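Please look at the sequence and the fold shown below, and keep both in view while reading.

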Amino acid sequence: MHTNGYSLARKLVFEVAKLKPDTYVAEVGNKIGAELLKPHLCYAPPRCAPYSQMDGSPRLPTLPGGGIPGNLPRVLPAGVKAQIDLASWPVLPIFKYLAKVGKMDSDALLESFNLGVGMILVVPSAYVKKVEADLKRRREKFFQIGRIERGDTAKARVVYSGALSL
C-alpha cells in the first residue's frame, strides 16, 4: 500500500466490510491486518542517486494524497502530458479487494491508493535503457508505465490509456 490511502483502507475493511484484523480474506491471500501492515520499499535517496547525474535531471514525484493524477503533473514542465498505460503493471489483490468493497472506479483508486505504484521515475527518453539496465542490475522490480508527450494545453497533465486489471 506504500503510504497512500490507509485511512480509506481501514474504513473500507473495518467499517464497511466489518472485518477484524485477524480475518483471513481469500481474495487477498492473507489476514487483512497483516496485508495492511506489509512494509513497502523505502525509496531513499541512495536508490535514486545514480540518476541525479543525467542531463535533463530525472524527476521523482512523491505520490501522497491525490495519488498519481494529483502529483505527477507537479514535476512536469508546462505543455506536456504523461501518457500512462493502466495495463502496464499488475494490480495487487489488496487493491482489487478494496475496489470491490468500496465500489470504487479507476479514478478513485488511482487518487487514493496509486495501486501499488510506489515511485515514478521520469527520465529523458535517451536514458530509459540505461535506467532499466541499472534497475535490473539492482534487482529492483519496475514497470515502464508510460511516456511523456507534448500536450495540447499549457498545463501539464496525466492522460490514461488501457484498463486496470480489476
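Is Gln-83 buried or exposed? With a relative accessible area of 11%, Gln-83 is buried, where buried stands for under 20% relative accessible area, exposed for over 50%, and partly exposed for what lies in between, with a 1.4 Å probe and protein chains only. This is a predicted model, in which local features need pLDDT of at least 70 and side-chain atom pairs count only at pLDDT 80 or more, while totals for chains, interfaces and linings use all residues. Residues are numbered from 1 along each chain as its sequence is written, and side-chain values use heavy atoms, with hydrogens and water left out.

Gln-83 has its place in strand E3, residues 80-85; helices (H or I, at least four residues) and strands (E, at least two) are DSSP runs, numbered from the N terminus. When residues up to four places away in sequence are not counted, Gln-83 touches Ile-145, Gly-146, Arg-147, Glu-149, Val-159, Tyr-160 and Ser-161, a contact being heavy atoms within 4.5 Å.

Turning to the whole chain, the protein has seven helices and five strands, and from the N terminus on its elements run α-β-β-α-α-α-β-α-α-α-β-β. Of its 166 residues, 37% count as buried. Among the contacts between residues at least 6 apart in sequence, 76% join residues at least 24 apart.

Strand E5, residues 157-161, holds Val-158, which counts as buried at 17% relative accessibility. Apart from residues up to four places away in sequence, Val-158 touches Ile-68, Pro-69, Leu-72, Pro-73, Ala-82 and Ile-84. Val-158 and Asn-71 are 87 residues apart in sequence, and from C-alpha to C-alpha they are 9.5 Å apart in space.

How do two of the helices pack? Helix H1, residues 6-16, packs with H5 at an angle of about 60°, and their axes are 10 Å apart; axes are lines fitted to C-alpha atoms, for helices over the stretch in contact, and angles run from 0 to 180 degrees between N-to-C directions. H1 and H5 are therefore oblique to each other, given that angles under 35 degrees count as roughly parallel, over 145 as roughly antiparallel, 65 to 115 as roughly perpendicular and the rest as oblique. On the side of H1 the contact is made by Ala-9, Leu-12, Val-13 and Val-16, and on the side of H5 by Tyr-97, Leu-98, Val-101 and Gly-102.

The ring centres of Phe-95 and Phe-113 are 5.9 Å apart and their planes stand at 45°, so the pair is tilted. Because Phe-95 lies in helix H5 (residues 93-102) and Phe-113 in helix H6 (residues 106-113), the pair ties together parts that are 18 residues apart in sequence. Both Phe-95 and Phe-113 are buried.

Phe-143, by contrast, counts as partly exposed, at 37% relative accessibility, and has its place in the loop between helix H7 (128-137) and strand E4 (146-150). Leaving aside its neighbours within four places in sequence, Phe-143 is in contact with Ser-88, Trp-89 and Pro-90.

Technical notes: Rings of Phe, Tyr and Trp (its six-membered ring) pair if their centres lie within 6.5 Å; planes under 30 degrees apart count as stacked, over 60 as edge-to-face and the rest as tilted.
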